[in-house]
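Open the model in your viewer and get ready to select residues. This tour visits aromatic rings, one stop at a time.

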Amino acid sequence: MRFLIRWMLMLSLLTSQAVVAATSSIENVRAWLAPDNIRLVFDLSSPVSHNVFMLDNPLRLVLDIEQSALGVDVDRLGLEKGPIKSVRTGKRGDGVRLVLDLDEDVSPKSFQLDPNDQYGHRLVLDLALARSATVEKAQEPQPISQGPLRDIVVAVDAGHGGEDPGALGPDRLREKDVVLAIAKEVARLIDAEPGYRAELIRSGDYYVSLRGRTLKARKLNADLFVSIHADAARDKRARGASVWVLSGRGASSEMGRWLAQRENGADLIGGVGSVSLEDKDDLLASVLLDMSMTASQSSSREVAKRVHSNIAGFARMHKPYVEQAGFVVLKSPDIPSILVETGFISNPSEAAKLRQRGYQKQMARAVYEGIKAHFWERPPAMTHVAAKKRTGAVLAGADRTYKVVPGDTLSVIAVRNGVSLDELRRANQLNGDRIRVGQVLRIPAS
Ligand SMILES: [Zn+2]
């Protein structure tokens, strides 16, 4: 009897060791659908060997994961999104075979990720949709100096997304959701403003790479790139919103990268009239790049200051000034770019605010007003806003002007001139009620 127990114990030890060493368990699969790709993420108990290939008639993708076992019911995961019609699974040797039936051609790419503080070992399968390639080809750079008036294009970037939740707050509050809500509201406000068009860099819960974000903004010929984030810190007391522009150091290293890479592609620098750097010698290319980068950075700082002071009107700020860092998404040499950290999601009281729809809207409005005020001050050439500003000056006969004297307040001026406070603010692109002596205000005719 004792012998039998010992024997059974040994046998079970042997088999369990064999299982641990040889088999990775597929514990979960998540699917994230983006406009131009679908990403599947497999949570694994250990790294695996795998193989991906496509088959025709019917169109399908086969993923073989060697020495693995399914630890989850794939049918219940709702992976049938985008081009994926159905998912079948089966055993193949000592591993698992997954077959995705597709109704559209894709080009698959796969890679594995090491554990981080949120996830363990992962296998990522990216399926680029074939249709996105044709869309990209159709996009031609826009003529800068001729043609009809155009809208000012603002690229609104909600940070993180999909597999990357960003910062995490109390009660499962996730940065990726908060910033998407705020970004959508910024875009809505911009789209409602004549002469402006907003483009969301991501419009749903999926991930876009950092370089992919700036690339998309360049393809859209964006006049401004605004990235929305929320902070986190180990110290739960850390708090305050902040506004960031690219640091000088980040800018010069990026210029080096552009110069080094310019032979590789016909990259255009929009800020100095869509010139290609490809056929320029080193010196000329670096001068052009420098001009473009300098102009973008000065605009970035101006927008950032306005947004910073608008947010400071209702929220606690992390620093009383615009901050600088080498964030990758701020590195476009020809698109003014800012990054807004809307507060610390790791701070319980700021998280509670960031969760509220009203607060999100207030934050969005502060960003939007800053953008609008900046472009009214410096409208890009050949835009509706530039034309409106010019004709506005010509037609000023219809409106009146008033010079602020000591003791004036905006509301008194509004009442005296029979206009609403809101109309007066709008006519003068004011965000708050602050006015200064000597300031000339436009009194709208209506
Ligand atoms: Zn973030």
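Buried means under 20% relative accessible area, exposed means over 50%, and partly exposed lies in between. Keep in mind that this is a predicted model.

**Stop one.** How many aromatic pairs does the structure hold? There are three. Select Trp-244 and Phe-327 to see one of them. Their ring centres are 5.4 Å apart and their planes meet at 70°, so the pair is edge-to-face; over 60 degrees is enough for that name.

Trp-244 belongs to strand S13, residues 242–246. Phe-327 is in the loop between strand S16 (323–325) and strand S17 (337–344). The two are 83 residues apart, so this pair links distant parts of the chain.

Is Trp-244 buried or exposed? Trp-244 has a relative accessible area of 15%, so it is buried. Phe-327 has 29% relative accessibility, so it counts as partly exposed.

**Stop two.** Select Phe-314 and Tyr-359. These rings also form an edge-to-face pair, with 5.7 Å from centre to centre and 80° between the planes. Phe-314 is in the loop between helix H6 (282–312) and S16. Tyr-359 is in helix H8, residues 357–377. Here 45 residues separate the partners, and again the pair links distant parts of the chain.

Check the surface again. Tyr-359 has 11% relative accessibility; that is under 20%, so Tyr-359 counts as buried. Phe-314, at a relative accessible area of 25%, is partly exposed.

**Stop three.** Select Tyr-207 and Arg-213. What sits over the ring of Tyr-207? It is the charged end of Arg-213, 5.3 Å from the ring centre.

Note on methods: Residues are numbered from 1 along each chain as its sequence is written. This is a predicted model: local features need pLDDT of at least 70, side-chain atom pairs count only at pLDDT 80 or more; totals for chains, interfaces and linings use all residues. Side-chain values use heavy atoms; hydrogens and water are left out. Rings of Phe, Tyr and Trp (its six-membered ring) pair if their centres lie within 6.5 Å; planes under 30 degrees apart count as stacked, over 60 as edge-to-face and the rest as tilted. Helices (H or I, at least four residues) and strands (E, at least two) are DSSP runs, numbered from the N terminus. Buried means under 20% relative accessible area, exposed over 50%, partly exposed in between (1.4 Å probe, protein chains only). A charge sits over a ring if NZ of Lys or CZ of Arg is within 6 Å of the ring centre and within 35 degrees of the ring normal.
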